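Visitor: Please take a close look with me at one part of this structure, the aromatic rings and what surrounds them, and explain each term as you go.

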Amino acid sequence: MKRRHFLAGTAALALPMPTLATPAPRILRAAPGTASLGGDFPGTAVWAYGGSIPGPVLRVGQGDRLRVRFKNDLPQPSSVHWHGIRIDNTMDGVSGLTQDPVKPGEDFDYDFVVPDAGTYWYHPHNRSWEQMARGLSGALIVEETEPPEVDRDLVLVVDDWRLGEDGQIGEESFGSMQDWSHGGRRGNWPTVNGTYRPVMAVKRHERLRLRIINTCNATLMPLGLTGMEGKIVAFDGQPLAALQDIPARFVLGPGQRVDIIADVIDEATLDFLQGDAEPYPFVSFPVDGEAREIPLGEVQILPRNPLAEDLSMETAVRAKLALLGGAMGGNITARIGGHPMTAMMGHGKSRKVSAEPLSMRELVDEGFVWSMGGFAGMTADPYVDVKRGETVVITMPNETAWPHAMHIHGHHFRLIEDSKGPVSDAPWRDTILIEPRETAKIAFVADNPGDWMIHCHMLEHQVAGMGTWFRVS
Ligand code: C2O
Ligand code: CU
């Protein structure tokens, strides 16, 4: 029996299995440092995992156990969240919800089994709007038991930075209400794997697996790929049941990933395609030599992960989370949820619980400009409480003037209906972009017990109100 079939039939996927050997923990130290982000800049003062920007690529085999000893040498409490991994809840790394924040000078041992193969990533989940803008994030790659045939596996971590003319991170704009109420903190210095416009030599007819991860605080990445031919094989780590052609333009929201398997045909580029502007090459792939005379055959579908895919729509628990607020969103009112972690996430203001809805002005005084389901920020009690195995349907009308990248922890979900009507066979995702005035109805099987966040991955939106949580018991 193949291992993935074995896994698919196992109920407690997230629990370490006794047959697994105990690997030594890998050390992941977060600390201030200096990085060269390309261009002519002198070193930029950053916060980094393992001394590098981005953090080290962590690779692990599907079904294996990952042990990471996180050492916090930052001047702030932090924690590590394993984005997209359907994990044991106590290892999800959300400060104030699934664990206490790890204080400066302290350690925390993460120890979990990775059920799904694919492209994932890790980042802080405490003041992430600041800690990620300072450089903390890295890729977590879970390899298939039988990986597809490629010549090279290229992880491309796309990020953007807001740098001053001195090449240093613009700190004065941390906590800017202007950013928080608009499109979030957007950068002026894009990097891929920590470098401005890197050059990566390739061979003609070389088969590449590109794993593109958008780790920006808030920037949507409209991307294009030239000089390569291939297929999209996965979104957000989860294999597609039917491969997709690579569109001329595809958008990755913050937190989203795409896996592409493609053959080099000619000089290639990964371009940033903003509006009608000239394509801006993020990465160039000059051709140097030939991998083979004729390209390999068709790209194959990746083996599916052991996701619970059978939605029980008749008995589903349904919730609505209207997204409201922000600049040009009109005058909203909202209650303040008052979960203790809210104060941890923000900028030190005291956060009161309000039984009555507050006016926009009162909300802004408390550091909020957005609401979800009538609440600004995390509710004290779970917004939705479901039993393990139940299907959950969440309708999210985006009644704001901004796109939002809604992310759910511990589960993958699929879009079942949008503003145009029912959608069938949408890919499984952990983060979905919802355009202004659009509605997304999503569904998933809540098979992972614990307390899980649901929030906008535009981190300034999250801190300014767009985040809540649900409980699977
Ligand atoms: Cu990538 Cu709640 O996070
Ligand atoms: Cu948002």
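Guide: Let us begin with W189, which is buried, with a relative accessible area of 12%, while Y196 is partly exposed at 24%; buried means under 20% relative accessible area, exposed over 50% and partly exposed in between, with a 1.4 Å probe and protein chains only. This is a predicted model, in which local features need pLDDT of at least 70 and side-chain atom pairs count only at pLDDT 80 or more, whereas totals for chains, interfaces and linings use all residues. Side-chain values use heavy atoms, with hydrogens and water left out, residues are numbered from 1 along each chain as its sequence is written, and chains are lettered from A and ligands numbered from 1 in the order in which they are written.

The structure holds 12 aromatic pairs, where rings of Phe, Tyr and Trp (its six-membered ring) pair if their centres lie within 6.5 Å, and planes under 30 degrees apart count as stacked, over 60 as edge-to-face and the rest as tilted. W189 and Y196 form one of these pairs, a stacked one, with 4.1 Å centre to centre and 20° between the planes. Elsewhere, ring pairs link Y49, W82, F108, Y110, F112 and Y122 into a cluster.

Rings can also have a charge over them, which here requires NZ of Lys or CZ of Arg to be within 6 Å of the ring centre and within 35 degrees of the ring normal. R134 lies over the face of W47, at 4.6 Å from the ring centre, and R185 lies over the face of F174, at 4.3 Å from the ring centre.

The strands come next; these are DSSP runs (E, at least two residues), numbered from the N terminus, and two of them pair if DSSP finds at least two bridges between them. An open sheet with mixed pairing is formed by 4 strands in the order β3-β8-β7-β5. Its edges are β3 (58-61) and β5 (80-83), each with a single partner strand, so one side of each is left without a neighbour in the sheet. Strand β7 (residues 118-124) and β5 pair in the antiparallel sense over 4 bridges, and V80 has P124 in β7 as its bridge partner.
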